[in-house]
Amino acid sequence: MLDEKIKVARLSIMSNTILTAGKLAAGMAMGSMAVISEAIHSGVDLLASVIAFLSVRESGKPADDVHRFGHGKFENLAAIIEALLIVSAAGVIVWQAVPMLFAPGEVHVLGLGLAVMGVSAAVNFYVSARLFDVARRTDSPALEADGWHLRTDVYTSLGIFAGLIAIKLTGLTILDPIIALMVTVLILKSAYKLLRESIRNILDVRLSDEEEGIIRGIIHRHAGDFVNFHQLRTRKSGPYRYIDLHLVVPGRSTVFDAHDLCRRIEQSLKESIPGVEIIIKTEPCNPANGDCNRCTLHIKLSGRLNPPSAGQCVDCVQCRRQEGE
C-alpha cells in the first residue's frame, strides 16, 4: 500500500511540474491574468504534491522512541499546510486581478490558451481520479488533499476555457479578471474543507457516528462473553484509527480467559477496520455498580432472558460453575 501511495504522489508531482510551466508560458504570451492565475494555482498544486509525497513517505514509518503512536499525523499536518497554500494562492490571484477590473488589458493568442486549458483539465482529471482512488483505499488525508487540489484545477481550467471562448466571441477583455476572481472562490472552498477535516484530526476529535456505530456493533458480536463495556474512546491520526475501551468481565475470570476474549475482539475489529490500533482494559464486574442490570453474559451462562436478581449475578453463576456447585 505504501509503495502505491508513493507512486501516485510522484505522478502528481510530474504532472503538476509540466502543467505549471505550460500555463505560465501561455499566460505570459497571452497577457491573460486568468491563465496566469491558473499557473499560480498549478504552482501551488506542485508544492502541495511535494508536501503530500514527503508526508506519505514519513507517515508510513513505524512507531519509534519519539513518536510512540506512529507518524500518521504527518499526513494531517501536510493537509493543513496544503490548505494554507491554497489560501495564499487565492490571495495572490485577487491581488493581481482586482486592478485589472478597472484597467483591463488586451488578451492575445486565445487559441494557445484554449489548448493549454483543455489539456490541463484532461490531465488533472485523470491524475486526481488516481489520487482519490488510492486515498480511498488507503485512507490517506494527504493524498485526498492533493486530489482535491487537482480536481479544483480541473474545474477552474474548464471555467477559464469557457471564459476565453466568451472573450473571443464578445471581445470583452474585462471577463479575464472576472474569471480569475471566480477561480479564487472555488480555491477557497476546497481550502475550507481540507482545513476543517485535518484540524479535527489534529485535535483528536472522535470518529464519526457511523464509524463508532460499526465499532459498537463488532464489540456486541461478542456480548455473550462479557458483562458490559464502557468508556469507548476513538480518534484518528492520518490513515490510522485508535480505539480504547473498558471491558467488564466476570469477577473470577482467569487472566487467560480475559486475555483471550480481548484478543478475539481485537481481531474482529482489525478484520473490519483497516489501520486500527486497539487498547482494551479489563475490569471485574461489580453488582453494586449496576452491572447485573446491564449484563448480557447471564443469558449465555444461565439461559435466562431477564437480568438476574441480587445475589444471583453473572459472577455468581459463573463462579458456581467453576467451583462445581
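## Basis of the model

Because the structure is a predicted model, local features need pLDDT of at least 70 and side-chain atom pairs count only at pLDDT 80 or more, while totals for chains, interfaces and linings use all residues. Residues are numbered from 1 along each chain as its sequence is written, and side-chain values use heavy atoms, with hydrogens and water left out.

Helices and strands are DSSP runs, numbered from the N terminus (helices are H or I with at least four residues, strands are E with at least two). Helix α5, residues 141-170, packs against helix α6, residues 175-202, at an angle of about 165 degrees, and their axes lie 10 Å apart. Here axes are lines fitted to C-alpha atoms, for helices over the stretch in contact, and angles run from 0 to 180 degrees between N-to-C directions. The two helices, α5 and α6, are therefore roughly antiparallel to each other; angles over 145 degrees count as roughly antiparallel, under 35 as roughly parallel, 65 to 115 as roughly perpendicular and the rest as oblique. The contact of α5 with α6 is made up of 13 nonpolar, seven polar and two charged residues, where Ala, Val, Leu, Ile, Met, Phe, Trp, Tyr, Cys and Pro count as nonpolar, Asp, Glu, Lys and Arg as charged, and the others, Gly among them, as polar.

Helix α4 packs against α5 at an angle of about 160 degrees, with the axes 8 Å apart, and so α4 is roughly antiparallel to α5. Their contact holds 21 nonpolar, seven polar and five charged residues.

## Helices α2 and α6

The axes of helix α2, residues 33-59, and α6 come within 7 Å and cross at roughly 25 degrees, which means that α2 is roughly parallel to α6. In this contact, six residues are nonpolar, two are polar and two are charged.

## The largest pocket

The elements that give two or more residues to the lining are α4 (110-138), α5, α6 and α7 (209-220), and α6 gives the most, with seven residues. By class, the lining has twelve nonpolar, five polar and 13 charged residues.

Although Gln 231 is not a glycine, it has a positive phi of about 55 degrees.
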